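Subject: Handover of a structure for your review

Dear colleague,

Please find below the structure that I am handing over to you. My findings follow directly after it.

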Amino acid sequence: MSKLERLLNLTAVLLDTTRPLSAEDLRQSVEGYPPPGPSFRRAFERDKDDLRTMGIPLSIARVPGVDPPVDGYRILPEDYYLADPGLDADELAALHLATIAVRVDGSTEGREALWKLGGLPGEATPDGSPSVASLPIDPAVTPLFEAIRERRAVQFSYRGEVRTLDAWRLHFQRGRWYVSGFDQTRQAERNFRIGRIEGEVTVLVDQPWSTDPPPHREAGRALQGWELGEDSPIAVDLLVDVERAVWLGQELGPSASQRPATSEEGPSSSVVFTVPVVNQRAFRSYVLGLLEHGEVLGPAEVRADLIEWLEAIEGAA
Amino acid sequence: MAVPAPAADRLRRVLAMVPWIVANPGIEVAAVANRFGLTEADVLDDLNVVWMVGLPPYTPDALVEVAIEDDKVWIHYADFFSRPLKLTAGQGLALLAATDGLLSVPGTELDGPLARALAKLAGVLGVEPDVNLEVDLGAAEGPTLAALQRSVDAATDVIIDYYSYGRDERTTRRVSPWRVNATGGAWYLEGFCHSAEGERLFRIDRIEDLRPTDDPSEHRPDDSGLDVRVFHPRAEDPKVTLWLAPEAQWVIETYPTESVKPRSDGSSEATLVITADAWFERLLLRLGPQVRILAADDEQAANLGRSAAARVLERYRR
């Protein structure tokens, strides 16, 4: 009797039963377990772990009519079976190509998902064919995704502070993952860089979202560092050389407005962008990256802060 | 002989394979193998276990029946395994993220089978694409991406006007294009640069103008596989040793270093090669008080931060 066979039999019995079964019930009805005692306990614990890591949901309830109380196990069919998405053959083939074209780094989970959906169809491209893109998925992204699916709050530590968040949205942009939602700690909508989450993300199983996301969300645009922060919003005027204007316009995005510079502000045909900033440090860093091709015009305190920063570098020993 | 897969992995596989065979009675063993990326021997091994499975009292009528005839397979009495197992959060995420990412590539058919599959999958998983999950593989102009891909396929050279951010300069280069790919949230062209006489990576969103040619590419990638790096130090590039404050340790993770000496207070000393002045100037300006130059190969390198700060300040003092 192989372990695989025992696990298959265990799954079948747990799925078939209509009442919770105790460990002893299972030992008697599933072939391949050792006699009662510590070695059975160990084998049974390992099997339960194996089922859980596979994503097979074990439901635990008291075995009825037994005293003293005993834990009973079963797999609820509604927890186990995949709802059929009704994929047509061409759609399944397209999904298969997508998992080849976009390689999720270090993971075979996309492939396993395809197995469950009906396998890797037809004369598929051989596995050796090159991917077009690679996509890293940080470990913290998965529990956040789970919470979004189940509309539950999550808890994690960020910059040394525990946050409780109604996670609404995951986005991957410029090579990084972000999560946004309603921050219950701050009572406001917030964005977090997932790579900066400290430690684990806990899904709060008994805590549904406290607030629903607004009905329409702006989609399709990558947020920049200065749009992800908690400073009170200010509008910064940034003067740039004309040959940078097109490229910068793309980077600054639609929330920044643009006008020609006046003759007092700068050389003719340079451009002034007005940028909404909620993270002044990130914006300073961005402006410094422009070197001498950009200049903060105002507000005065932002300009003064930048000058002070640069003078410290200029005068450093 | 292949190492046998651990029991949990095989269980995963069997629980996916059985429902499909139940739904496709009389399917060829070879087709099963092909569909699940296995050898026929693996499939037969797995099926061998399946026909021992059943419910108590394990009398023949309570066991799964597997029939194999003329290399075709039927499975009966496997009601409890007739439908596949739910996707785990990780599996759902991997599949949705790859699909959503591919749909973000300029030029992908937005109402084709992939988009339909994404909508159906997201429905089953209980999320709304773009609202709950959005994957953007990188900014690139659709026509540029498509034109580059055509030149890669045809193995013909392209001429590009390229803005090198690291050197803060524009150049026109002839490139034999090898591959287009997205990594770390940006699209890159890999190829042989005739100006640099070597393999190079180019950010596609910094290609300001692209002119395909009909000239066959003389330089092809060798069979050893591509190993194109962004970082190309030359022997004459100066080296600097920096003190980096604890909050500036990202520098070590982000850029190649020659050596790193951590200090007990969380700061460190790191030696780096300056491959481009503009790159190093930006680094110094951004880090401000979080960096100090401890040693430098040449005077000019040691003064890059001060001179860049002075140049920028000139604008502010007009």
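Helices (H or I, at least four residues) and strands (E, at least two) are DSSP runs, numbered from the N terminus. This is a predicted model, in which local features need pLDDT of at least 70 and side-chain atom pairs count only at pLDDT 80 or more, while totals for chains, interfaces and linings use all residues. Residues are numbered from 1 along each chain as its sequence is written, and chains are lettered from A and ligands numbered from 1 in the order in which they are written.

Confidence

The predictor gives the complex an ipTM of 0.71 and a pTM of 0.71. pLDDT is the predictor's confidence in each residue, from 0 to 100. For chain A its mean is 84, with 92% of the residues at 70 or more; for chain B the mean is 83, and 94% of the residues reach 70 or more. Within chain A, H8(A) has the lowest mean pLDDT of the elements (76), and strand S5 (residues 152-158) has the highest (94). Among the elements of chain B, the lowest mean belongs to helix H7 (residues 250-254), at 80, and the highest to strand S10 (residues 239-244), at 92.

Two stretches call for caution. Over residues 123-129 of chain A, pLDDT stays under 50, and the model has four contacts beyond four places in sequence for them; two residues are in contact if their C-beta atoms, placed from the backbone, lie within 7 Å. Residues 223-229 of chain B also stay under 50, with eight contacts beyond four places in sequence. Where pLDDT is low, the predicted coordinates should not be read in detail.

The contact between the chains

Chain B contributes 83 residues to the contact and chain A contributes 82. On the side of chain B that touches chain A, H4(B) gives the most, with twelve residues. That side of chain B divides into 47 nonpolar, 18 polar and 18 charged residues, where Ala, Val, Leu, Ile, Met, Phe, Trp, Tyr, Cys and Pro count as nonpolar, Asp, Glu, Lys and Arg as charged, and the others, Gly among them, as polar.

Strand pairing also links the chains: strand S6 (residues 161-173) of chain A runs parallel to S4(B), and three bridges join them. Two strands pair if DSSP finds at least two bridges between them. Within this pairing, His171(A) has Glu134(B) in S4(B) as its bridge partner.

Nonpolar cores

A nonpolar core is a set of buried Ala, Val, Leu, Ile, Met, Phe, Trp, Tyr and Cys residues joined through C-beta atoms within 7 Å. A residue is buried if 20 or more other C-beta atoms lie within 10 Å of its own, exposed if 12 or fewer, and partly exposed in between, with C-beta atoms placed from the backbone. The largest core has 118 residues, and Leu144(A) and Ala97(B) have the most contacts inside it. H4(B) supplies the largest share of this core, nine residues. Apart from it lies another core, of 38 residues, among them Phe273(A), Leu242(B), Val251(B) and Ile274(B).

Leaving out residues up to four places away in sequence, Leu144(A) touches Val154(A), Ala167(A), Leu170(A), Val179(A) and Val201(A).

Sheets

In chain A, four strands form an open sheet in the order S11-S12-S10-S13, with antiparallel pairing. Strand S11 (257-260) and strand S13 (294-298) are its edge strands, each pairing on one side only. Strand S10 (residues 234-240) and strand S12 (residues 271-277) of chain A pair in the antiparallel sense over seven bridges. Asp237(A) has Thr274(A) as its bridge partner in S12(A), and Val236(A) stands opposite Val275(A). S10(A) is also joined to S13(A), antiparallel, by four bridges, with Val296(A) as the bridge partner of Leu238(A).

In chain B, an open antiparallel sheet has three strands in the order S1-S3-S2. Strand S1 (27-28) and strand S2 (65-69) each have a single partner strand, so one side of each is left without a neighbour in the sheet. Ile27(B) stands opposite Val73(B) in S3(B).

One residue in detail

Ala43(A) is placed in helix H3 (residues 38-53) of chain A. Why does Ala43(A) count as partly exposed? The reason is that Ala43(A) has 16 C-beta neighbours inside 10 Å. Beyond its neighbours within four places in sequence, Ala43(A) is in contact with Tyr33(A) and Pro34(A).

With kind regards
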